[in-house]
Amino acid sequence: MRIGAHVDSADPLSEATARAADAVQFFLSDPQGWKAPKPREDADRLRAAEVDLYVHAPYVINVATPNNRIRIPSRKLLLGHATAAAEIGAKGLIVHGGHVNAGDDLAVGFDNWRKTFAYAADAGGFALPVLIENTAGGDNACARRLDALARLWDALGDYEVGFCLDTCHAHAGGEELLDLVDRVKAITGRIDLVHANNSKDTFGSGRDRHDNLDGGTIDPELVVAVIRAAGAPAIVETPGGVDGQATDITFLRDRLGVGSPAA
């Protein structure tokens with residue numbers, strides 16, 4: 001069981017050491033911007049590291065939208081990030097499920113996801129697994145509620161697609177964590193990564209505000225149960241910097257009965 005944290009991208013391996021993490025997630029470019037990722041000078045060191053690496057795609061990416069000015073650049077940026085993430089040896093690229101605008105048919109969003117994978121296939125395919133992440137809010141979201149997720153997976157049936165389950169997003173999005181893994185796997189057949197986060201807000205709030213595992217409105221034992229049932233690596237995206245995340249990692253290791261990298 002590999003457990004780690006979302007960290008600053010400047011020196012992810014040092015951030016992993018500071019937290020005693022055996023996995024890290026980070027951005028390769030501004031998460032709120034449209035610039036393509038640049039080659040990293042530490043690429044050789046990252047590829048050789050024993051720490052598992054995950055890359056989170058920029059938040060601006062929305063391949064589901066009918067808006068051409070966002071959808072088309074989103075496809076290109078997602079493909080570029082997949083290539084750059086593979087070059088540093090990352091195990092997966094996490095991207096939010098996206099949404100359509102109010103009044104749009106959600107079916108268009110699912111079909112735009114299908115076209116995104118078709119676009120990538122025409123370019124030789126994504127260079128590493130793309131993990132679609134459930135989101136917390138929005139009535140027009142493609143991966144907030146499980147009924148929408150099922151329609152998305154139906155649309156992507158011809159392609160190999162991974163899934164990242166965020167516990168805060170599920171709770172805020174109105175999905176109970178109890179037995180959630182079984183319900184998700186009945187749709188996706190897999191969970192490749194868990195974002196292990198508590199929520200500052202109440203169930204069904206639609207608000208994406210993460211909290212440390214010993215705070216927030218989710219029973220932390222439910223987060224542990226999700227990770228155990230998923231059997232997947234876990235990344236904490238929690239506040240508090242090194243100290244806060246190290247505490248969360250230690251909590252998970254203690255509850256899951258797994259040792260630290262040095263153990």
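Leaving aside its neighbours within four places in sequence, which residues is I191 in contact with? In this predicted model, the list is F163, L165, V181, V184, K185, A230 and A232.

**View 1. A close-up of I191 and its contacts.** Skip the neighbours within four places in sequence, and I191 still touches F163 and L165, along with V181, V184 and K185. A230 and A232 complete that set of contacts. I191 is also among the residues with the most contacts inside the largest nonpolar core.

View 2. Another core lies apart from it and has seven residues, including A23, Y54, C164 and I235.

**View 3. The largest cavity and the residues around it.** Search the whole structure and you get one cavity of 30 Å³ or more. About 40 Å³ of space lies in the largest cavity. Its lining is made up of N134, R144, L146, F163, L165, A170, E175, L180 and V184. Sorted by class, that's six nonpolar residues, one polar and two charged. Strand 6 (162-166) and helix 7 (180-188) each put at least two residues into the lining.

**View 4. Strand 4, wrapped up by the rest of the structure.** Five of the five residues of strand 4 are buried, so this strand is largely enclosed by the rest of the structure. Look along strand 4 (residues 92-96) and you'll see G92, I94 and H96 pointing one way, with L93 and V95 pointing the other. Strand 3 (residues 52-56) pairs with strand 4 in the parallel sense, over three bridges.

**View 5. Strand 5, covered on both faces.** Strand 5 also runs parallel to strand 4, and four bridges join the two. H96 has E133 of strand 5 as its bridge partner. Within strand 5 (residues 130-133), V130 and I132 sit on one side, and L131 and E133 on the other. These four residues are all buried, E133 included.

Conventions:
Residues numbered from 1 in each chain as written. Predicted model: local features only at pLDDT ≥ 70, side-chain atom pairs only at ≥ 80, totals over all residues. Heavy atoms only, no water. 1 Å grid on protein atoms, 1.4 Å probe; cavity = no way out; pocket = protein on both sides within 12 Å on 5 of 7 lines; lining within 4 Å. Points joined across faces, edges and corners; volume = space filled by probe spheres on them. Nonpolar A, V, L, I, M, F, W, Y, C, P; charged D, E, K, R; others polar. Core = buried A, V, L, I, M, F, W, Y, C linked by side-chain atoms within 4.5 Å. Buried < 20%, exposed > 50% of the residue type's maximum accessible area, 1.4 Å probe, protein only. Contact = heavy atoms within 4.5 Å. Pairing = 2+ DSSP bridges.
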